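Hi,

Here is the structure I promised to hand over. Please open it first, then read my notes below.

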Amino acid sequence: MQVLHILLLSISRTYKMCIPRLLKASYYRFVVLFFNCLLTFGSYFCFDIPSVLQEQFQGNLTCPNGTQHNGTGHNGTLDCVEGLGMTPAQYNLLYAIYAWTNALVVVVAGFLIDKLGNRFGVFVFSLLTVLGSSIFALGSHFKGTPYLLPMMLTGRLLFGSGNGSLTIVQNRITAFWFKGKELALAFGLTLSFSRLGSVLNFFFTQQFESHFGIQWTLWGGTLLCVLGFISAITVSMLDKVGMKQLGLDGVIQQESKKVRVQDVRRLPLRYWLLVLTIMFFYNGVFPFVADASKFIQDKYSGYSQQAAAYIAGAVYDSSLVLSAAVGILIDYVGLRGVFAVGCAVLTLPVFALLAFTFVPPLVSTIWLGITYSFAAASMWPSIPLVVPQATLGTAMGLATSVQMIGIGLSNLIVGHILGTKSSELKIPLWRWQEMMIFMLANTIACIVTSVSLNVVDRKQGGTLNRTTKRSPVEHEDQQPADAAPLLSDEPENDGSVN
């Protein structure tokens, strides 16, 4: 016991000596960023597991002897896939319930984060992702019973409540430590880590399922969510220590107490146009990825389930590779509003190719991944530039809510468009074409809102189309908590926010 006491005492002394030194260095914020990035790695892996295993989710409860296959055969075969027995409508409901839950919860979550702080949010919401993914995995053990769908929907509901809200607090932490510095780079790295989870899911989940079955695959995703919970505890400690060393902990608590629901009315027009731009763009990305694997197998000949999953995952592969570099580029050149318009315009050919041609699908998924990378790095980091730091959680929550309302509606509409009643049937190509036309309509709406955003922004000073380091802060009279102080060895006037 005495040896253990001495060991703990030495660790405590080392911790107290190292942290102040670390705080003096400009790279402390990158230590915070690393653990902040890990918050959503596991949850993003879990989110798209149904997409990779769509055949298994919609597969038959039982298969006659000699007709079962593991999902790696080419489309057009008569092999039977044993699975959970969901219809396409029930399968799409798994994504719709996630989106609708986000839409309802994230507004309240954002307000609570502004009132109670990042540490409260990061702990509670990461715990919800663990609980939700656990119930979702547990539900798979009830296949063939009336309890399967309710349990899996309950799991997705809790998972959605946690993951959508966790993304808000993750963005809030990133915005605080990087506002006026490498903001787009930080957002890009956060997206890269999240998409790394998605990419690994598309590469390995189908293989894992073929060896261990769908139940153990879902429990493996739950284990990765536990990694996020551990990261949540770590980033909370780092954030707390950093705030105390900067002398800002008390100041931020005082600012948080001033946040009121009525502050929503003060959010500017630019913010709402930005929110609509985000919603319409993401309406074309997430619902497409959710059904992309089956679409590729139904329309293009010669693709196995595994190959189709790889191609669908190329959307996330591209964003994983490009996000950090795109963030650096946008930090340097600015032009966030212009990039938003460009992303929407350049996405139009993606769905046109998928709807009306037989060009290899990999071209379209890589193309969509590139535009998605630029959209994520230009749109989301623009929100901290047009709203005060004290209400950033509420603003992020509202933005996520509107985004998820759009995605939820899109998932329901896609499920209705594709609406076959049996997973054994190949969905007719004309139904897939109608789905792609629906995606095109969302992209056109995104172009309209992004152009309007640029017009309004130009009339109000053009903040979005300047670089972060040169942009004047709209709220110069903000308190220190709103200024998002930064840890840096550089002089205060070198690259800082005025």
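This is a predicted model: local features need pLDDT of at least 70, side-chain atom pairs count only at pLDDT 80 or more; totals for chains, interfaces and linings use all residues.

Arginine 119 is partly exposed, at 24% relative accessible area. Arginine 119 forms a salt bridge with aspartate 239, with the closest N and O atoms 3.5 Å apart. Arginine 119 sits in helix α7 (residues 118-139) and aspartate 239 in helix α9 (residues 183-246), so the pair ties together parts that are 120 residues apart in sequence. Aspartate 239 is buried, with a relative accessible area of 3%.

The count comes to 4 salt bridges. Another one joins aspartate 457 and arginine 270, with 2.9 Å between the closest N and O atoms. This pair links distant parts of the chain, 187 residues apart: aspartate 457 is in helix α18 (residues 429-459) and arginine 270 in helix α11 (residues 269-299). Aspartate 457 counts as buried at 1%. Arginine 270 is buried too, at 2%.

Aspartate 331 and arginine 336 also meet in a salt bridge (3.7 Å, N to O). Both residues are buried.

Next, the backbone. Most residues other than glycine have a negative phi. Leucine 335 is not a glycine, yet has a positive phi of about 60°. Leucine 335 lies in the loop between α13 (314-333) and α14 (336-356). Leucine 335 is partly exposed, at 35% relative accessible area.

Last, the surface. Trp100, Ile405, Leu409, Leu412 and Ile413 make a nonpolar patch of about 380 Å². Helix α17 (residues 392-418) gives the largest share, 4 residues. Tryptophan 100 belongs to helix α6 (residues 88-116). Tryptophan 100 is partly exposed, at 31%.

Best wishes

Note on methods
Residues are numbered from 1 along each chain as its sequence is written. Side-chain values use heavy atoms; hydrogens and water are left out. Patches are made of residues with over 30% relative accessible area and no salt bridge: like charges are joined within 9 Å, nonpolar side chains (Val, Leu, Ile, Met, Phe, Trp, Tyr) within 5 Å. Accessible areas come from the Shrake-Rupley method with a 1.4 Å probe; for residues, only the protein chains shown count as cover. A salt bridge is a side-chain nitrogen of Lys or Arg within 4 Å of a carboxyl oxygen of Asp or Glu. Helices (H or I, at least four residues) and strands (E, at least two) are DSSP runs, numbered from the N terminus. Buried means under 20% relative accessible area, exposed over 50%, partly exposed in between (1.4 Å probe, protein chains only).
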